[in-house]
Amino acid sequence: MGASSSTALARLGLPGQPRSTWLGVAALGLAAVALGAVAWRRGRLRRPRRLRQVGTVSKVWIYPIKSCKGVSVCETECTAMGLRCGKVRDRFWMVVKEDGHMVTARQEPRLVLVSITLENNYLTLEAPGMDQMVLPIKLPSSNKIYDCRLFGLDIKGRDCGDEVARWFTSYLKTEPYRLVQFDTSMKGRTTKKLYPSEDYLQKYEVAYPDCSPIHMISEASLVDLNTRLKKKVKMEYFRPNIVVSGCEAFEEDTWGELLIGDVEMKRVLSCPRCILTTVDPDTGIIDRKEPLETLKSYRQCDPSVKSLYQTAPLFGMYFSVERIGSLRVGDPVYQMVD
């Protein structure tokens, strides 16, 4: 789970040709002290750490529009605010009511049937019974900025126009809706606001994801869950960004800091599960029972963190991005160990 500051240290220039040997030594010494101070302030001075492979990336998903279908990609950039493929970022678009309140598949389950194709500077939206909708990624700066509400927190969003608003309204057939887009000039939701009582968490910002920039689950955890269900479910019920193979069930619960490709990530929290997991991604029908009830039977939190997770079962992990970079399907997943 948000977003971390850039890891690049400021480059310090050394003084010019010294007038004497002792001045040269002094200048180099002061430069070294200054460099150390900058590194300390930025929090990037590190001890060497061992890398232990714990798995392999088997799937990567970006979800451009919150609650709509994910887009499977082979390679992605990993920014401080989450995944990016070209000009498309993870959960940078969101359906809202006319008053700016968020709308997700919790309220409108059929949103999960809206598929998205990434093409050059456009998103192409498709949904059952609807004509294609082509949406430009870059919006006119004159478009209205909405004051939106996402899980009780304020955040901005630029209106995507009347045409796509009519498209979602016609598709969902319940009330008028708008589509908004976040851009990086706007203020994201911060860790302090997301978790005001958890002041030990690393600092990051997110746009429209629930809690953090990265959501990760292992294949083995899903296999374990399916052994307990009458009707098996697939990974799309849980909407992770990164799926990992080659590890034990729920081993991801223990991963603190990871290196994938050249991206460094740090564990934030476990992912507390809600009614959204009961929406069938193939039919858009909400069951309101499974797999949530089964998860509640064996994936409750430790009593020591009950105030944080309440009664929500835990499945998957949230991570922040500590060093930006890129990753791809097939990359080893390394745990960084002191």
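The model is predicted, so local features need pLDDT of at least 70 and side-chain atom pairs count only at pLDDT 80 or more, while totals for chains, interfaces and linings use all residues. Residues are numbered from 1 along each chain as its sequence is written, and side-chain values use heavy atoms, with hydrogens and water left out.

Helices and strands are DSSP runs, numbered from the N terminus; a helix is H or I with at least four residues, and a strand is E with at least two. Two strands pair if DSSP finds at least two bridges between them. Strand 4 (residues 82-85) is joined to strand 5 by two bridges, and the two run antiparallel. Arg84 has Arg89 in strand 5 as its bridge partner.

Strand 18 (residues 257-260) pairs with strand 19 (263-272). Four bridges join these two antiparallel strands.

Accessibility is classed by relative accessible area: buried means under 20%, exposed over 50%, and partly exposed in between (1.4 Å probe, protein chains only). Leu259 counts as buried, at 13% relative accessibility. Between Leu259 and Arg323 there are 9.1 Å in space, C-alpha to C-alpha, and the two are 64 residues apart in sequence.

The largest pocket has a volume of about 750 Å³. On a 1 Å grid over the protein atoms alone, a pocket is an open set of points with protein on both sides within 12 Å along at least five of seven lines, whereas a cavity is a set where a 1.4 Å probe fits but cannot get out; lining residues have an atom within 4 Å of a point. Grid points are joined across faces, edges and corners, and the volume is the space filled by probe spheres set on the points. The lining of the largest pocket comprises 33 residues. Closest to the pocket centre are Arg106, Asp210, Cys211, Pro272 and Tyr318. Helix 3 (191-194), strand 19 and helix 6 (306-309) are the elements that give two or more residues to this lining. Strand 19 gives the most, with four residues. By residue class, the lining divides into 17 nonpolar, eight polar and eight charged. Ala, Val, Leu, Ile, Met, Phe, Trp, Tyr, Cys and Pro count as nonpolar, Asp, Glu, Lys and Arg as charged, and the others, Gly among them, as polar.

The structure holds zero disulfides, a disulfide being a pair of cysteine sulfur atoms within 2.5 Å. For Cys274, the closest cysteine sulfur is that of Cys271, 8.0 Å away, which is too far for a bond. Cys274 is partly exposed, with a relative accessible area of 26%. Cys301 is buried, at 10% relative accessibility.

Polar contacts involve two further buried residues. A polar contact is a pair of N or O atoms within 3.5 Å; within protein, one must be able to donate a hydrogen and the other to accept it, and residues adjacent in sequence count only if both atoms are side-chain atoms. Glu322 belongs to strand 20 (residues 314-323). Glu322 is buried, at a relative accessible area of 13%. Its side chain makes a polar contact of 2.9 Å with that of Ser320. Asn241 sits in the loop between helix 4 (219-226) and strand 17 (242-245). Asn241 is buried, at 1% relative accessibility. The side chains of Asn241 and Asp90 are joined by a polar contact of 3.3 Å.

Two other residues were examined for spacing. Ser170, in helix 2 (residues 162-172), is partly exposed, with a relative accessible area of 36%. Its C-alpha atom is separated by 10.0 Å from that of Gly129, 41 residues apart along the chain. Gly284 lies in the loop between strand 19 and helix 5 (292-298). Gly284 is buried, with a relative accessible area of 6%. The C-alpha atoms of Gly284 and Leu111 are separated by 7.2 Å, although these residues are 173 residues apart along the chain.
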